[in-house]
Amino acid sequence: MIGKLNHVAIAVPDLQAAAAIYRDTLGACVSEPLELPEHGVVTIFVELPNTKIELLHPMGEGSPIAKFLASNPIGGMHHICYEVADIEVAAAKMQESGARVLGDGSPKIGAHNKPVLFLHPKDFCGTLVELEQA
Ligand code: CO
């Protein structure tokens, strides 16, 4: 069911410092910061030839990233995103297999304006998984 790796998201305590590491130390192409207040994050995209890395920093009160950074103060991998052809089919398959979908179990519009589901890390090898309709 899953297709391409769409992105790996890394939560960072200092967005500009993280961008500098990817741009200057690793020699990658990094975007300008993009504010997504409805998702409680500011992101910088690192474009790689075969996928992208998203540097995530909390924005506003109650950001889901703030809690993660509280327990991972130097930052860390937050989630991994796989593409699926049909998010409704994916949601049904999760329900059928008993895997937990975060929230109410139905797809939401994600940070890239595409429908997404987040899957519980306890059901996926300790990794928060995002499924995005490609
Ligand atoms: Co994501």
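Reply: Contact here means heavy atoms within 4.5 Å. In that sense, the buried residues of α1 pack against β1 (5-11), β2 (29-30), β4 (41-47) and β5 (52-58); helices (H or I, at least four residues) and strands (E, at least two) are DSSP runs, numbered from the N terminus. This is a predicted model, in which local features need pLDDT of at least 70 and side-chain atom pairs count only at pLDDT 80 or more, while totals for chains, interfaces and linings use all residues. Residues are numbered from 1 along each chain as its sequence is written, and side-chain values use heavy atoms, with hydrogens and water left out.

Me: What puts the buried residues of α1 on the same side?

Reply: Leu-15, Ala-18, Ala-19 and Tyr-22 are the buried residues of α1 (residues 15-25). They cover an arc of only 100 degrees around the axis, taken from the directions from the helix axis to the C-beta atoms, and therefore lie on the same side of α1.

Me: Why is Asp-24 called exposed?

Reply: Buried means under 20% relative accessible area, exposed over 50%, and partly exposed in between (1.4 Å probe, protein chains only). Asp-24 has 53%, so Asp-24 is exposed. Arg-23, at 39%, counts as partly exposed.

Me: Why is the pair Arg-23 and Asp-24 called a salt bridge?

Reply: The term requires a side-chain nitrogen of Lys or Arg within 4 Å of a carboxyl oxygen of Asp or Glu. The closest N and O atoms of Arg-23 and Asp-24 are 3.1 Å apart, so the pair qualifies.
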